[in-house]
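Please open the structure in the viewer and keep the selection tool at hand.

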Amino acid sequence: MTGAAGFIGSHTAVELMAAGHDVVGVDNFANSSPGAVERVHRLADGRFTFVELDLRDRTSLNELLRRRPVDAVVHFAARKAVGESVDIPLDYYDTNVNATLGLVSVMLERGVNRLVFSSSCSIYGEAESMPIREDAPARPTNPYARTKWMCEQILADVCQRHPDWQVTSLRYFNPAGAHPSGLLGEDPRGVPNNVLPYIAQVAVGRRAELSIFGDDYPTPDGTGIRDYIHVVDIAEGHRLALEALGEATGHRVINLGTGHGTSVRELLTAFSAACGRELPSRVVARRPGDVAELVADPSLARELLGWKATRDVADMCRDAWNFQRHNPNGYAETDRGGTEQ
Ligand code: NAD
Ligand code: WQD
C-alpha cells in the first residue's frame with residue numbers, strides 16, 4: 001500500500017488487516033506523520049509492515065518488493081490539493097504521474113499485476129447532469145485532476161498491452177469522517193483545504209469560523225452541494241475492489257459515493273449537532289473553480305463490488321468530532337526512529 005500513513009490509506013490498512021490481509025505500507029510523510037503509522041499498528045488486527053520510502057525512488061521500491069513480495073498493490077500516494085496543483089504543477093506531475101509510472105514499472109519487473117488505484121471525482125469537472133455515472137466525459141479542470149486522468153489512461157494502456165493485468169480505479173467523491181475508535185482521522189498540514197476538517201478545527205477552537213464559499217449557487221440554500229462519504233465506507237470499498245480484482249482482467253473505473261448530496265450549510269448544522277454547539281460561520285465570495293453540485297451515481301459499485309455506503313453525514317460528523325476532540329492538534333509528531341516500523 002502506497003500512501004499508507006495518509007488519511008484514506010491508514011483507514012484502509014486497518015480494514016484490510018481486519019479482513020485477514022497482511023499489509024506492507026510505504027509513505028514518505030510528505031503529508032502525514034509517523035503518529036498515524038503508530039496508530040495503525042495499535043489497531044492492526046494482522047501483520048503490518050511499514051517502510052518510510054519515497055515512491056519516486058524506484059530502486060528502493062524494487063528492493064522492497066524483492067524482499068517483501070506482494071500479490072497486489074493499493075496505490076494512494078499522491079499530492080491532492082487542487083489550488084496548490086495550479087501553483088506547482090510540476091511537483092504534481094512528478095508525485096502523481098511519475099511515481100505511478102515508476103510503481104507500474106517495478107510491478108512489471110516483479111510480476112505483480114493487480115492494482116487498485118485512487119482516482120477522483122475531480123476528473124468529471126463540471127458535469128452536465130447529476131448524479132454522475134462513470135461514463136460521463138472526463139473534463140479535468142486543474143493539474144491535480146489531470147494527473148489522475150493521465151494515471152487512469154496509463155493504467156488502461158498497460159492493461160491493453162498486458163492482458164493478464166487486473167486494475168480498478170476508484171473515483172471517490174468527498175471522503176470525510178474518521179475511524180470510530182477516535183484513533184485515526186484526517187490531520188491535514190496547515191490550513192485545511194477541505195470543508196469538513198476545517199469545520200472540525202473550528203469546533204475544537206483552532207479556527208475562528210467557517211468561511212462559506214458563496215451562498216448564491218442554484219441550490220436550495222445557495223451553498224455548494226457535495227457527496228460526502230465516510231472514510232470507513234471508502235476503506236470497505238477498497239477491500240471489496242481488491243478482493244474482486246480476480247473477477248475481471250483489464251482496467252475498470254468505479255465511483256465511490258453515496259448518491260446523496262449535502263450542502264455546506266447542512267454539513268455545518270450536522271457538525272454543530274455532533275459537537276453540541278452552533279458553530280460560527282460567515283459567507284464569503286465563491287472559491288474560484290468550485291461548482292454548484294457534485295453527486296455520484298454509485299450503482300456500478302453495487303453491481304460490480306457488492307458495495308454500498310452505509311454511513312451518513314451524521315456518522316461522519318460524529319466520528320470526525322470524536323477524533324478531533326481527542327486529538328486537538330492531530331497526530332503528535334513521534335520520533336521517526338529507524339525507517340522500518
Ligand atoms: P493524504 O495526503 O492523507 O494521503 C496521501 C499519502 O501519500 C500521504 O501520507 C503522503 O505523505 C503520501 N505521499 C505523497 N507523496 C509521496 C511519495 N512521493 N512517496 C510516498 N508517499 C507519498 O490523502 P488522502 O486523502 O488519504 O488521499 C489518498 C488518495 O486518494 C490520493 O491519491 C488522493 O488523490 C485520492 N483522493 C482523495 C480524496 C480526498 O478528498 N481525500 C478524494 C479523491 C481522491
Ligand atoms: C466542499 C464544499 C466548497 C472549504 C475536493 C477536490 C476533489 C476531491 C475532494 C481529491 C464546496 C465548500 C470548502 C471551506 C467552504 N479531492 N467550502 N468553505 O472542492 O468538493 O473537492 O476534495 O480528489 O478533487 O476538489 O471539496 O471540501 O474543498 O469543498 O464553503 O473552507 O465546501 O465551496 O462547496 P471539493 P471541499
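Does N62 count as buried or exposed, and at what relative accessibility? N62 counts as buried, because its relative accessibility is 14% and buried means under 20% relative accessible area, with exposed over 50% and partly exposed in between (1.4 Å probe, protein chains only).

Before continuing, please note that this is a predicted model, in which local features need pLDDT of at least 70 and side-chain atom pairs count only at pLDDT 80 or more, while totals for chains, interfaces and linings use all residues. Residues are numbered from 1 along each chain as its sequence is written, chains are lettered from A and ligands numbered from 1 in the order in which they are written, and side-chain values use heavy atoms, with hydrogens and water left out.

**The helix pair**

Select N62 again and find it in helix α3; helices (H or I, at least four residues) and strands (E, at least two) are DSSP runs, numbered from the N terminus. Apart from neighbours within four places in sequence, N62 is in contact with V106, E109 and R110, where contact means heavy atoms within 4.5 Å.

Next, select helix α5, residues 89-110. Its axis lies 10 Å from that of α3, and the two helices pack at an angle of about 35°; axes are lines fitted to C-alpha atoms, for helices over the stretch in contact, and angles run from 0 to 180 degrees between N-to-C directions. To see where they meet, display R58, L61, N62, L65 and R66 in α3 together with N98, L101, G102, L103, S105, V106, E109 and R110 in α5.

**The second largest pocket**

Now select D22, V23, V24, V70 and A72, which lie nearest the centre of the second largest pocket among its 24 lining residues. A pocket is an open set of points on a 1 Å grid over the protein atoms alone, with protein on both sides within 12 Å along at least five of seven lines, and lining residues have an atom within 4 Å of a point. Elements giving two or more residues to this lining are β1 (23-27), α3 (58-67), β3 (73-75) and α8 (231-244).

**The largest cavity**

Finally, select G177, E186, L196, P197, A200, A320, F323 and Q324, which line the largest cavity, a cavity being a set of points where a 1.4 Å probe fits but cannot get out. Helices α7 (195-203) and α11 (313-326) each supply at least two residues of this lining.
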